[in-house]
Amino acid sequence: MPEDGGEYKCVAENAAGKAECVCKVLVEDASSTKAAKLAEKKTKKPKTTLPPVLSTESSEATVKKKPAPKTPPKAATPPQITQFPEDRKVRAGESVELFAKVVGTAPITCTWMKFRKQIQENEYIKIENAENSSKLTISSTKQEHCGCYTLVVENKLGSRQAQVNLTVVDKPDPPAGTPCASDIRSSSLTLSWYGSSYDGGSAVQSYTVEIWNSVDNKWTDLTTCRSTSFNVQDLQADREYKFRVRAANVYGISEPSQESEVVKVGEKQEELKEEEAELSDDEGKETEVNYRTVTINTEQKVSDVYNIEERLGSGKFGQVFRLVEKKTGKVWAGKFFKAYSAKEKENIRDEISIMNCLHHPKLVQCVDAFEEKANIVMVLEM
């Protein structure tokens, strides 16, 4: 109430003394108070929950960004081959790619090998290694590119390997050696020949025999057969003959073999050949006791006993070289097999055991054998 206004005094006393304070109370009219409050509300700025806008300079100095969540480091892992290269079969002259995908802690090194030797790039072979893959490309395949390839993947924690077989197929090589005429009679003879040293990666299906005579003086087809011998009929005594042979598989016909020696039929030739046949039969009986039962030599290398000379041929499972025996000077054929696994070695040992049972004048004989690490060598008659 207006009458309550005035000065008020408060006094406090005790034995130690007293204290006092004074205040004034002013009572205003209710209507004037209400108007003053409304005016005060209009002049006040609206309240907001947003923080005050700071200048660019101050925001850069005071606003702290939240740190990005830390990702735990990946654990180091040894290399793994996630996509293995596939075995391939291609025609000679075609290109081929051997491809593999790998994972693991970097750096990873990828190395392509063949017969335990690192493959080097050349005009035909290109190797491309990326972070997670490796590719070997052969632009123009040849017979020499056949075989087993190994990809070795390594990092500081370990290594992995993958193997792939490449087969290059083509027409076969010509039949080896020179066709031989035997059992020559008045108008016929028997022609024999060896098979191809390399079948082109596919079995030889037939042989085509070609004949030449001194009158017509040109080569013509005589016959096609599956065996390596043929009885030639209806020959004439007034002319000379030569023969050559071609081999055929599903991929084509080979070049011709070497030409046989010139032969001529007739009565005198028949009698002479019969005498030679009798002599050869007698020699066969004498040499029959010389057949060898071969045991694999693991104490010596083949090069200790034989001189290894030129290569005669190669195939999917090995190569054939000309061997000369150091003691006697005799010439043999050495068949070199690559055998890395126990199963491969056992298969070759079985083949040698079978050949020990095949003693016959018309069969090629195995006369020696050697085993050293990944190589097994069979020494055969030429």
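**Close-up 1. Glutamate 309 and arginine 322 pair between two strands.** Glutamate 309 is partly exposed, at 34% relative accessible area; the class covers values between buried (under 20%) and exposed (over 50%), with a 1.4 Å probe and protein chains only. Arginine 322 is also partly exposed, at 23%. This is a predicted model, in which local features need pLDDT of at least 70 and side-chain atom pairs count only at pLDDT 80 or more, while totals for chains, interfaces and linings use all residues. Residues are numbered from 1 along each chain as its sequence is written, and side-chain values use heavy atoms, with hydrogens and water left out. The side chains of glutamate 309 and arginine 322 form a salt bridge, 2.3 Å from N to O. The term means a side-chain nitrogen of Lys or Arg within 4 Å of a carboxyl oxygen of Asp or Glu. Glutamate 309 sits in strand S19 (residues 306–314) and arginine 322 in strand S20 (residues 318–325), so the bridge ties parts 13 residues apart in sequence. Strands (E, at least two residues) and helices (H or I, at least four) are DSSP runs, numbered from the N terminus.

**Close-up 2. Arginine 244 meets glutamate 210 in a salt bridge.** Their closest N and O atoms are 2.5 Å apart. The pair links distant parts of the chain: arginine 244 belongs to strand S17 (residues 241–249), glutamate 210 to strand S14 (residues 206–213), 34 residues apart. Arginine 244 is buried, at 16% relative accessible area. Glutamate 210 is buried too, at 5%.

**Close-up 3. Lysine 171 and glutamate 255 join two loops.** The salt bridge spans 3.4 Å, N to O. Lysine 171 lies between strand S11 (158–169) and strand S12 (180–182); glutamate 255 lies between strand S18 (252–253) and helix H3 (267–287). The two residues are 84 apart in the chain. Lysine 171 is partly exposed, at 31%. Glutamate 255 is partly exposed, at 45%. The model's count is 13 salt bridges.

**Close-up 4. A cis peptide bond runs from alanine 106 to proline 107.** Its omega is near 0°. Proline 107 is in the loop between strand S5 (96–103) and strand S6 (109–114). Most peptide bonds are trans.

**Close-up 5. Aspartate 183 and asparagine 217 have positive phi.** Most residues other than glycine have a negative phi. Aspartate 183 has a phi of about 50°. Its loop runs between S12 and strand S13 (189–192), and the residue is partly exposed, at 36%. Asparagine 217 has a phi near 55°. Asparagine 217 falls in the loop between S14 and strand S15 (219–225) and is exposed, at 52%.
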